[in-house]
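Please keep the sequence and the model in view while reading the points below.

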Number of protein chains: 2
Amino acid sequence: MRTRTASFLIAAAAYFACPAGPALADEGMWLLTNPPAALEKDYGFKPDAAWLERMQKAAVRFETGGSGSIVSRDGLVMTNHHVGSDMIAKLSTKERDLMEVGFLARTRAEELPCPDLEVRVLWEIEDVTARVKEAAAGIEDAAEAGAARRRAIAQIEQESVEKSGLTSEVVTLFQGGQYHLYRSKSFTDVRLVFAPEEAAAFFGGDTDNFEYPRYNLDACFFRIYENGEPLKAQNFLEWSPAGAAEDELVFVFGHPGRTRRMYTHAHTAFLRDWMLPTILQHLWRAEVKLQTFAGRSAENARVAREDMLSIANGRKAFTGLLAGLHDPALMDRKLREELDMGRLLMEKRLPEADEMMRAVSEIGEAQSYHAEFYVQRFVLDRFLERGSGLLARALRIVRLAEELPKPSGERLAEYGESRLPALYLDLYSPEPIYDALEIERIASGLSQMAEYFGGDDETVQAALMGESPRARAEQLVKGCTFKDPAARRALVEGGTQAVAESEDPMLGLARLLDPISRALRQRFENEVDGPEKRGYEKLARARFALLGDNVYPDATFTLRLSYGTVKALGEGEGRVPAFTTLAGKFERAAEREGEKEFRLPPSWVEKREKIDLSVPYNFICTADIIGGNSGSPVVNRAGQVVGLVFDGNIDSLVGDVIYDIRTNRAVSVDSRGIVEALRSVYEAKELLAELGVR
Amino acid sequence: MRTRTASFLIAAAAYFACPAGPALADEGMWLLTNPPAALEKDYGFKPDAAWLERMQKAAVRFETGGSGSIVSRDGLVMTNHHVGSDMIAKLSTKERDLMEVGFLARTRAEELPCPDLEVRVLWEIEDVTARVKEAAAGIEDAAEAGAARRRAIAQIEQESVEKSGLTSEVVTLFQGGQYHLYRSKSFTDVRLVFAPEEAAAFFGGDTDNFEYPRYNLDACFFRIYENGEPLKAQNFLEWSPAGAAEDELVFVFGHPGRTRRMYTHAHTAFLRDWMLPTILQHLWRAEVKLQTFAGRSAENARVAREDMLSIANGRKAFTGLLAGLHDPALMDRKLREELDMGRLLMEKRLPEADEMMRAVSEIGEAQSYHAEFYVQRFVLDRFLERGSGLLARALRIVRLAEELPKPSGERLAEYGESRLPALYLDLYSPEPIYDALEIERIASGLSQMAEYFGGDDETVQAALMGESPRARAEQLVKGCTFKDPAARRALVEGGTQAVAESEDPMLGLARLLDPISRALRQRFENEVDGPEKRGYEKLARARFALLGDNVYPDATFTLRLSYGTVKALGEGEGRVPAFTTLAGKFERAAEREGEKEFRLPPSWVEKREKIDLSVPYNFICTADIIGGNSGSPVVNRAGQVVGLVFDGNIDSLVGDVIYDIRTNRAVSVDSRGIVEALRSVYEAKELLAELGVR
């Protein structure tokens with residue numbers, strides 16, 4: 001019996017993947033305040049405080065959902081083309097499509113101000129766990145405890161803003177196990193410096209997305225301005241003259257958006273059986289609808305392009321993740337981890353054993369409540385918040401009118417005092433609004449509600465007002481009075497009364513749907529989020545008790561350190577080398593000749609003879625990344641740039657729930673490939689000089 | 001009060017759309033045994049028996065789901081390219097893609113035999129209503145009554161086959177109001193004579209599909225052989241030398257697949273809220289999955305092409321229909337028709353009034369039962385029957401083993417004795433099977449089951465056998481032993497024992513899923529189909545009582561006559577003329593230059609100078625058609641071919657539930673456009689001579 005238990009424990013240890021167990025080699029998206037001890041053990045490298053601070057303060061978060069880094073003392077920021085493309089599209093017109101032709105500012109004066117971009121640099125971190133937990137101490141009811149925590153968080157944030165003047169955000173770590181206050185410098189004057197053509201950046205399109213080998217210049221450069229002058233950056237990353245070598249240790253600093261590795265088995269099953277199928281149904285539908293819209297004219301295709309890219313990218317990522325979860329072996333592993341953890345706690349006679357088992361059961365129960373209204377809430381909120389640019393703005397205006405009169409701590413979290421500057425920046429953005437696309441999206445959203453709720457549903461009928469979805473969408477968009485940012489500002493400044501009295505049909509729709517959305521949100525917070533938070537707090541305690549505190553929390557779109565080595569995939573015949581070269585791009589283009597996704601832009605065709613084809617172009621490494629890491633710098637031990645993360649391979653898509661070093665790879669543009677393209681294709685000598693490259 | 005009632009009745013009459021009310025001008029898909037009286041009243045034309053018989057016996061049904069007509073005394077059959085494309089793709093190889101390059105046989109010897117095509121010509125019609133109803137008379141339970149009717153139908157069919165030697169099928173008309181026995185001549189030696197390039201036939205692709213104006217040569221020709229010789233056709237259609245003129249009366253003879261105009265309001269709501277959203281979710285998913293598969297290589301794109309076309313076509317058709325149903329005005333009209341009919345019956349003090357109201361309520365109740373398992377049954381059966389060529393065959397083999405030992409009347413209807421020849425033809429077809437596509441489709445189907453039923457569902461787990469969907473799909477396809485038709489025949493001939501003992505994994509999957517599918521089918525027949533049939537039988541009686549018998553039944557993929565006039569759409573600036581010309585094709589191609597869907601094939605570019613661009617190419621008319629009518633001939637009063645139906649406009653898509661002469665149009669290739677293309681582009685002088693055209 002003893003023997004069986006012992007060998008079982010050995011087997012269990014092998015199955016352990018953090019956060020449920022100790023991190024495996026190269027696994028983890030680590031807090032900079034708690035870097036992985038394994039670094040020293042496995043690689044003999046121990047980052048010191050100065051090194052970490054330099055990396056932290058050179059790392060940039062794009063509030064649109066991506067990462068970047070400061071790479072010159074004049075505030076030059078490097079990120080992915082696909083992180084910048086939202087801006088690049090907004091700066092484009094029918095006559096001058098920067099996605100199509102690219103952009104290069106040869107002087108500061110030529111740099112293009114982005115209408116509504118905010119980037120942030122993390123400046124200070126404070127552990128506020130005790131204060132947040134204290135606020136909910138002794139409150140039995142999970143929903144009430146949740147509300148108390150939200151109030152405490154809003155207050156901490158507001159106090160911090162008042163005290164420091166910095167953007168302040170309390171981040172929930174370990175699904176409720178810890179709370180950190182992050183103070184960041186926010187920059188809203190950001191200008192476009194360089195972008196290649198989309199055909200160079202997204203070569204291979206949807207076909208090659210999440211695949212390897214790759215041949216993509218998925219890079220662009222912005223510049224941060226402060227008080228009308230280029231930022232004088234104290235901390236920035238230097239360019240490595242040599243690039244990375246095979247098997248070299250490298251680091252990734254970035255903002256992984258979300259992982260669910262701590263999820264219990266039941267919670268992961270909810271992800272598999274409810275969330276992902278619902279999201280994918282939405283994306284499949286949206287992709288086909290938008291393709292049809294884009295097919296109608298070249299201008300439609302242009303204005304829908306950004307949405308198309310985003311939908312196709314999401315579809316491919318979620319498909320890969322769901323495929324992973326449909327593998328019974330993966331779900332078995334999740335279940336075994338959970339059982340093993342409970343058994344280990346019992347073996348060690350730790351008091352957290354009971355707590356853990358209760359937590360697992362409570363979290364499981366929350367999933368069954370969630371299943372009752374998840375789809376309804378998803379469809380409604382997706383429509384309200386992302387179904388159309390105008391409707392999303394209408395919702396903000398309606399909610400601001402209701403929330404602003406309340407004390408900050410009583411508001412919906414995203415309307416808290418500390419969150420308002422970013423919200424206004426977005427709401428008053430002068431980005432172009434395309435009526436045809438808005439009508440298409442609203443008609444699609446109204447139809448989708450009718451598909452899911454039924455054509456006789458009261459809300460659907462009220463939203464349609466006796467019209468067909470398309471006719472109603474035309475009324476709504478044509479009748480909308482706040483397409484101009486000034487009109488939106490006037491409504492917000494007019495407050496509750498102005499909004500209540502407005503006869504704008506789009507505001508009317510937002511007013512109609514808002515209470516339903518709020519009720520569902522309340523239900524979610526009471527029946528799901530509250531119990532989950534309480535459960536995961538217990539699970540985190542159990543995990544700390546078992547593993548100590550050198551563990552990493554699930555990703556939260558905040559700054560993390562990942563690490564690993566540049567490494568080929570597979571062995572023998574199927575081996576995929578770690579590096580590709582520029583020659584490979586031309587070979588792949590020839591192989592797929594005639595296909596739109598593989599067309600080289602004219603600049604590359606023209607300059608082919610000048611390009612040194614032997615230069616490394618893209619590479620893979622074992623660093624543990626996920627969506628949100630796009631645009632992260634890859635640096636060497638000296639903290640110099642050797643690459644730029646732009647993708648994960650197809651097997652990394654299950655990274656949302658597990659990490660597997662055998663198959664997981666981050667895909668990066670090689671710093672040498674970037675330099676060669678800037679030099680030989682784009683002749684961007686000013687930019688090269690600024691990077692310190694001859 | 002009287003006044004109000006009277007004016008209400010007038011208003012009601014205006015709202016009446018058959019089958020719920022008397023047919024409006026040009027509305028209806030009429031039985032040839034009961035042609036529309038309105039023809040004489042509105043157009044002064046009364047078709048005589050000889051004319052009708054000639055049309056009937058020149059009309060051809062493609063068992064793959066389309067219509068055609070015999071257009072020469074040597075059995076030449078005209079249909080759409082998109083009806084023939086299934087065959088054209090099967091006759092293609094990697095080296096010689098007939099979809100891409102087209103085909104023309106200049107001699108009989110060059111004509112290409114189709115591997116598994118069956119076409120039928122309707123020969124005799126017998127009303128067997130009394131006998132079918134008699135079989136269920138006095139049986140109170142709807143499910144038992146349904147079973148009794150199915151037994152009677154199987155017996156009638158089998159007796160007819162034995163007596164006449166003709167293919168015999170009892171068709172349920174008026175959703176159970178009448179039963180007709182159709183005896184048809186079946187032909188299985190059919191050869192391809194001519195097909196243009198897909199780029200000429202499907203010019204404008206998905207973008208222009210269901211739109212007008214159009215510029216498509218959606219035509220191809222086959223030849224029926226009998227005993228190894230071209231069919232000596234007694235009845236065939238002559239070619240009109242003049243073509244059709246604007247406002248001319250024309251007729252369409254074809255096989256509309258299915259309409260639901262007699263559906264009650266509740267039944268239509270089920271269509272809107274359950275069937276269409278479920279089907280569309282499936283199609284959106286399938287379209288995106290298949291596009292991704294096709295994007296991986298040119299060969300993938302080729303083998304997936306037919307599926308892609310079919311999915312995109314269905315998606316566009318169902319989207320149009322659902323958009324119509326999401327218009328509250330349409331649903332109101334359905335409801336008013338129902339209420340008005342009840343009121344009229346009561347006004348006239350007809351005994352059918354009570355019966356009608358009970359029927360409406362019973363049919364409504366059946367919908368709520370159906371909602372409980374509709375999605376589950378749809379997903380399972382779609383996977384089993386259409387998810388993969390190999391799995392569909394496995395299901396047939398498994399079911400044949402179980403059904404054949406039973407008496408014909410006790411079997412699943414499609415395994416009845418009279419249905420077997422067509423079933424074997426399909427099962428033993430030597431059409432190519434592409435492993436890569438099969439794996440893709442099975443993996444997708446297994447994932448879809450997991451998405452809908454949940455990853456922990458017993459059936460899903462049993463189907464996956466511990467593997468991921470993709471790994472399991474590879475096992476199934478690679479391990480399949482009956483890719484060769486001879487192996488399938490051996491299994492069927494080996495009977496129950498051979499099938500039970502087979503270790504083929506694909507047969508194993510079919511054996512696993514078959515009982516679940518059967519149980520759901522049983523539930524459908526008992527809880528839904530039985531009560532519906534009983535209800536609609538009552539409704540039909542009520543309608544006959546109110547309107548007499550000059551009404552048309554919903555479409556049933558059997559021969560019908562539609563009629564109308566060649567007519568432009570709209571008025572003033574938005575007017576769309578009835579005819580397009582060949583010149584328009586080149587203009588549209590220039591307008592959309594660079595887009596794949598609008599690329600002209602090399603033959604058209606090359607011969608451009610020779611083409612008479614003023615010749616009419618496509619036209620629209622008001623005839624009431626629906627899917628299944630594709631390939632129907634359009635004839636004039638003399639019964640001569642003036643066109644070839646290939647599409648309906650976007651507003652005709654609600655034709656499934658209503659007809660509206662203001663917006664509904666059938667789209668046809670003009671006979672003169674066909675001739676000009678055959679003459680100047682394809683130089684098919686032999687074909688022109690056979691059509692009697694100089």
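The points that follow treat the domains, the chain pairing and the salt bridges in turn.

1. The structure is a predicted model. The remarks below should be read with that in mind.

2. Domain division. Chain A is divided into two parts: domain 1 takes in 11-118, 188-261 and 553-690, while domain 2 covers 265-543. Between the C-alpha centres of domain 1 of chain A and domain 2 of chain A the separation is 28 Å. To their contact, domain 1 of chain A contributes 37 residues and domain 2 of chain A contributes 34 residues.

3. The surface between the domains. Domain 1 of chain A and domain 2 of chain A bury about 3,000 Å² between them, and carbon and sulfur atoms account for 60% of that area. This interface also holds 10 residue pairs in polar contact, with both residues at pLDDT 80 or more. On the side of domain 1 of chain A that touches domain 2 of chain A, the elements giving two or more residues are helix 1 (2-15), helix 4 (81-90) and helix 9 (205-208) of chain A. Helix 4 of chain A provides the largest share of that side, namely four residues.

4. Charged pairs between the domains. How many salt bridges are counted between domain 1 of chain A and domain 2 of chain A? The count is four. Separately, A:Glu431 and A:Lys90 form a salt bridge through their side chains, at 3.7 Å from N to O.

5. Relation of the two chains. Chain B is superposed on chain A by a rotation of 180° with 0.0 Å of shift along its axis, and the RMSD is 0.0 Å. The two copies are therefore related as by a two-fold rotation axis. Within chain B, B:Trp284 has the C-alpha nearest the axis, at 2.7 Å from it.

6. The surface between the chains. Why may the copies be said to meet through the same surface? The reason is that 100% of the interface residues of chain B are also interface residues in chain A. The contact involves 37 residues from chain B and 37 residues from chain A. About 2,900 Å² is buried between chain B and chain A, with 56% given by carbon and sulfur atoms. Of the area that chain B buries against chain A, 22% is supplied by B:Trp284, B:His326 and B:Glu451, more than by any other three residues.

7. Polar and charged features between the chains. Two salt bridges are counted between chain B and chain A. A:Arg272 pairs with B:Asp456 in a salt bridge whose closest N and O atoms are 3.0 Å apart. There are also 12 residue pairs in polar contact across the interface of chain B and chain A, both residues being at pLDDT 80 or more. Helices 9 (205-208), 10 (265-295), 11 (298-325) and 16 (435-453) of chain B each give at least two residues to the side of chain B that touches chain A. Helix 10 of chain B gives the most, with 13 residues. By class, that side of chain B has 10 nonpolar, 13 polar and 14 charged residues.

8. Salt bridges overall. Over all chains the count comes to 139 salt bridges. A:Arg131 and A:Glu159 form a salt bridge, their closest N and O atoms lying 3.1 Å apart. Because A:Arg131 lies in helix 6 (residues 129-136) of chain A and A:Glu159 in helix 7 (residues 142-164) of chain A, the pair ties together parts that are 28 residues apart in sequence.

Notes. Residues are numbered from 1 along each chain as its sequence is written. Chains are lettered from A and ligands numbered from 1 in the order in which they are written. This is a predicted model: local features need pLDDT of at least 70, side-chain atom pairs count only at pLDDT 80 or more; totals for chains, interfaces and linings use all residues. Side-chain values use heavy atoms; hydrogens and water are left out. Domain bounds come from an automatic or database domain assignment. Contact means heavy atoms within 4.5 Å. Buried area is the accessible area (1.4 Å probe) that two parts lose on being put together, summed over both. A polar contact is a pair of N or O atoms within 3.5 Å; within protein, one must be able to donate a hydrogen and the other to accept it, and residues adjacent in sequence count only if both atoms are side-chain atoms. Copies are superposed by least squares on the C-alpha atoms of residues with pLDDT of at least 70 in both. Ala, Val, Leu, Ile, Met, Phe, Trp, Tyr, Cys and Pro count as nonpolar, Asp, Glu, Lys and Arg as charged, and the others, Gly among them, as polar.
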